[in-house]
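Have the sequence and the 3D view open, and follow along section by section.

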Amino acid sequence: MAAGVSTRAIAGELPRVVSKDGRHALMVDGAPYLILGAQAHNSSNYPKALPKVWAAVADAQANTLEIPIAWEQVEPVEGRFDFSFVDTLVKEAREKDVRLVLLWFGTWKNTAPAYLPEWVKFDNRRFPRMVDKDGKDSYSHSPHATATLAADKRAFVELMKHLKAIDGDRQTVIMVQVQNEVGTYGLVRDHSPAAQKAFSGPVPAAVLAKQKSPVKGKASGTWKEVYGDYADQYFHTWAVANYIEQIARAGRAVYDLPMFVNNALRDPVEPLAPWKGNFASGGPTYDVLGIYEAAAPHIDVAGPDIYLHESDKVAKTLEQFLTKDNPLFVPEIGNSEDFARVAFAVFGKGGIGFAPFGLDYFDFSNYPLGAKATDKTMTAPFGQVYGAFRPMMREWAKWGFEGRTHGVFEHDDRKPQEIALNGWKATVSFRQRQFGDSMAKNDPIEGTEKPNGGLAIAQVADNEFIVVAQNARIKFDPSGRNDGKPSMYARVEEGQYDGKGKWVMERVWNGDQTDYGLNFGAKPFVLKIKLGTYQ
Ligand code: N0T
């Protein structure tokens, strides 16, 4: 299907995530779609908060808004539902021509119960928190409590029913996140009687099939027998994933939208070790994606929430969250300028979406996770990247699904990076003047004091490429089938897709503009490049 996939949108088809040969696409209106996203702040889920959200979404040139829907807000009194915010949101999103990704803040929000309705959060008998070995309460609710699951599920199903009723004919809402950053800090797993009983039982076959043991354990048996020192974490992961699955499955039975979970990362580069309390146990961390796949088949994606600023950690995270079974989707990333360049890598690696968190003019900053200022200086760096991708987002998403795309972002070491293409090798370098080969080390270039370069490339034919980049230079060398042949640019066009699939050329680059590679400055744009060889 990948090769013949069309960019033509067919309204009325439900969004879905499709995978083939380790590549993935989010289909919206029947064709691959790229989420150029923005996530609103946590407390922007009220009608009066929306103007500042829409203003930022527009400045960021985002095509999709991620925004919470809280259990406390839709079911303040047990059994009485109020979806008036959802109605306002969907109506306004349509007016603005923005798609929505809803975030269900239910039992767990950043692992905690803050978004539970009062009738849930203060009734610790009916809706119990996890307990440790000594029976002491954790702050975080137990995934083994059937009453909590039933109540959360009921509210979620009501939400999905409502969505189907108001949006089932047009899919303004394209995806739903189930819970937010699940897992538990400070306690590796629940020790309630129900948890103890399950822990001493056998590991389910589906989990055994998908999740290898990092230690030498038995091929089957109890959690401890199979997973050794990792047993507590893996067991809790399974319990949380299973809880999420029940909710997602019930919701999708009513209205079948794609669903996903997001992860507060564990350190992506430190060696894997049993849980030491340094990350939320039970969440979809990279090391347990297999458990989520086994326990939660109604969840299409586990996405990383990236707030680590170090480039090696960001790069490692993108690797860890793109697998044969897991599409790359970055549902949250810091909204500070340094993260804008990461979008080139995510879209280049065939990612289905990217969304800076708190891209919203509400006067709140989560610095040092993201930007200090909540103004146009926050949205502009993302706006220029989205602006470059937006007119060709359907084409790009299709190329990504076909395995034609690649992308890099400038690392903290500022070193050049190579991209292996079919018949060619591209070298992407940073901090170079547009004319000549002097490096910024000896000749500092204004505006490149901090790493901000990024480049994404699609091989659209044997010798043809679409490149979109900022603060980077790209050079091509023959390789593979072209190895050893002299080569030249056949033609380099600057231009843009028109939003309807047609390339519109603005000028042909030649002379000074091509003598030292193809150089992209501070503002991204698109080149269409044809290469040739002779013998
Ligand atoms: C994120 C956001 C919001 C490098 C933080 C990140 C959002 C949630 N949590 O603004 O709360 O709802 O998903 C937690 C990051 C922990 C610190 C990372 C240090």
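## The barrel

How many strands make up the closed barrel, and in which sense do they pair? Keep in mind as you look that this is a predicted model. Eight strands close the barrel, in the order β4-β5-β6-β9-β10-β11-β12-β13, and their pairing is parallel. On average, neighbouring strands of this sheet are turned by 30 degrees against each other, with direction ignored.

To see one of these pairings in detail, go to strand β12, residues 329-333, and strand β13, residues 353-356. The two run in the parallel sense and are joined over three bridges. Pick out V330 and you will find its bridge partner in β13, F354. Now look for a helix on the sheet: α9, residues 231-254, packs there. Helix α9 touches β6 (99-109), β9 (173-180) and β10 (259-264), and its direction makes about 150 degrees with that of β9.

## Around the ligand

For K109, an N or O atom of the side chain is 3.0 Å from an oxygen atom of the ligand. N180 also has a polar side-chain atom 3.0 Å from a ligand oxygen. At N366, the distance from a side-chain N or O atom to an oxygen atom of the ligand is 2.9 Å. How much of the ligand does the protein bury? Taken alone, the ligand exposes 500 Å², and the protein buries 70% of that.

## The open sheet

Another sheet is worth a visit. Here four strands lie in the order β15-β16-β19-β22, forming an open sheet with antiparallel pairing. Which strands sit at its edges? They are β15 (417-420) and β22 (518-520), each of which pairs on one side only. From one strand to the next, the twist averages 25 degrees.

For a closer look, follow strand β19, residues 472-478, which pairs with β22 in the antiparallel sense over three bridges.

## To take away

The model, which is predicted, holds a closed barrel of eight strands with parallel pairing and an open sheet of four strands with antiparallel pairing.

Note on methods
Residues numbered from 1 in each chain as written. Predicted model: local features only at pLDDT ≥ 70, side-chain atom pairs only at ≥ 80, totals over all residues. Heavy atoms only, no water. Pairing = 2+ DSSP bridges. Axes fitted to C-alpha atoms, helices over the stretch in contact; angles between N-to-C directions. Contact = heavy atoms within 4.5 Å. Polar contact = N/O pair within 3.5 Å; in protein donor to acceptor, adjacent residues only side chain to side chain. Areas by Shrake-Rupley, 256 points an atom, 1.4 Å probe, with all protein chains shown as cover.
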